Amino acid sequence: MRKPSVFGLALLAMAFAACQSNSFKIEGTTEGLQEGDTLFLTTDAENGVPSDTLFVKDGKFGLSGETDTLYFCLIYSPGGKFEAQPLFIEPGTIRVHLSSHQGSSKISGTRVNDDFQALNDSAAKMSQRFMALAQKYDGQVTDSQKAEIERQVLQAQQSLTQCMYRTAERNIDNELGYMIVTSGADFDNEQVLKLINKMPPRFRNRELIKEIEYEIKTYPSENSQATFPDISLNDEKGQPHRILDEISKYELTIIDFWASWCRPCMMAMPDMVELYDAYKDKGLGLIGISLDNDAKGWKEAIKATGAKWLQLSDLKGWESEPARLMNVRAIPHTVVVDKEGIILQQGLSGPLLLEYIENTFSEGL
């Protein structure tokens, strides 16, 4: 083989350096922003402290720089003219389109941002599907029509969960994968551990990942025969209740994790009311545990749904102690226990929950 020349080696070195470039460029376009408007980019999603300032000119904005890591950030308008747009800074050209119309902003151009946008698009489609199905509940529907609507809701949820899992698996070595694993996605414990085991050490050593691993290995999974955690929560009037004491009053108890802001939860409430009314005199108890943060919204939802059973909450949202201890990652989520608090089933909803309750009472407890 002919020995390459010094000039040839220099060209190879330059080509290799180009392939390994850490430079990134944001190419942005806007709708609804004026000439000279200011945009902020922040890596502090919680507090929104700006790390860069961008200016709109001819309906466009841009930013370039160098990065040796992939990281999450937000672009937002100080005047709140559009929703904050999340994206990932990574080498390459990141295209951002900001729109004042809800759900119309888009990102593209780099692998992780393309995956992130595809996931957001799937979530938006599921939300639209839920709204369409919810409208059907506003009219008169038969039991069989209700069951079909619930089947379609469950199918949509499962489809989104599968999409989230595939995206997390494909990006498990970067911040997008980490974000999905820690987001409360409706993965089972086996799936979560499988994803964690594929993470590089820099993610596995983060405190949140260690906490998730600990909870999965310490507290009950869907098929365990463990006891529901022995904790107390306040009802909507501020009165404390020990959950195991309440459970002991009934032959069988459904613990329903829900929230006023959760559309599928609110859609499921009419069926929960019907189920409770049908079996409360036979020994069925029902305890609602809300993942709300806002007391007013929680109390209004209780009244609006006609839920007549015990409602509890520590008003800590996803940091709710029972939800954390039970590793609840998506709602609505039900846990069925006997009067000793032994967990019999988890995650049943709609016709499957009704069938389980019917069979349990018909077979005798």
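In what order do the four strands of the open sheet lie, and is the pairing parallel or antiparallel? In this predicted model, the order is E3-E2-E5-E6, and the strands pair in the antiparallel sense. Strand E3 (52-55) and strand E6 (85-89) are the edge strands; each has a single partner strand, so one side of each lacks a neighbour in the sheet. From one strand to the next, the twist averages 30°. The antiparallel pairing of strand E5 (residues 71-76) with E6 extends over five bridges. Phe72 has Phe88 in E6 as its bridge partner.

Helix packing was examined for H9 and H12. Two packed helices are described by the angle between their axes and the distance between the axes. For helix H9 (residues 263-279) and helix H12 (residues 350-363), the angle is about 5° and the axes are 11 Å apart. Angles under 35 degrees count as roughly parallel, and H9 and H12 are therefore roughly parallel to each other. On the H9 side, the contact is made by Met272, Leu275 and Tyr279, and on the H12 side by Leu353, Leu354, Ile357, Glu358 and Phe361. By class, this contact of H9 with H12 comprises seven nonpolar residues, one charged residue and no polar residues.

The second largest pocket has a volume of about 510 Å³. Its lining consists of 14 residues, and those nearest the pocket centre are Thr182, Ser183, Gly184, Trp318 and Glu319. Helix H7 (207-218) and helix H11 (321-325) are the elements that contribute two or more residues to this lining. H7 supplies the largest share, four residues. The lining of the second largest pocket is made up of five nonpolar, four polar and five charged residues.

How values were computed
Residues numbered from 1 in each chain as written. Predicted model: local features only at pLDDT ≥ 70, side-chain atom pairs only at ≥ 80, totals over all residues. Heavy atoms only, no water. 1 Å grid on protein atoms, 1.4 Å probe; cavity = no way out; pocket = protein on both sides within 12 Å on 5 of 7 lines; lining within 4 Å. Points joined across faces, edges and corners; volume = space filled by probe spheres on them. Nonpolar A, V, L, I, M, F, W, Y, C, P; charged D, E, K, R; others polar. Axes fitted to C-alpha atoms, helices over the stretch in contact; angles between N-to-C directions. Parallel < 35°, antiparallel > 145°, perpendicular 65-115°, else oblique. Contact = heavy atoms within 4.5 Å. Pairing = 2+ DSSP bridges.
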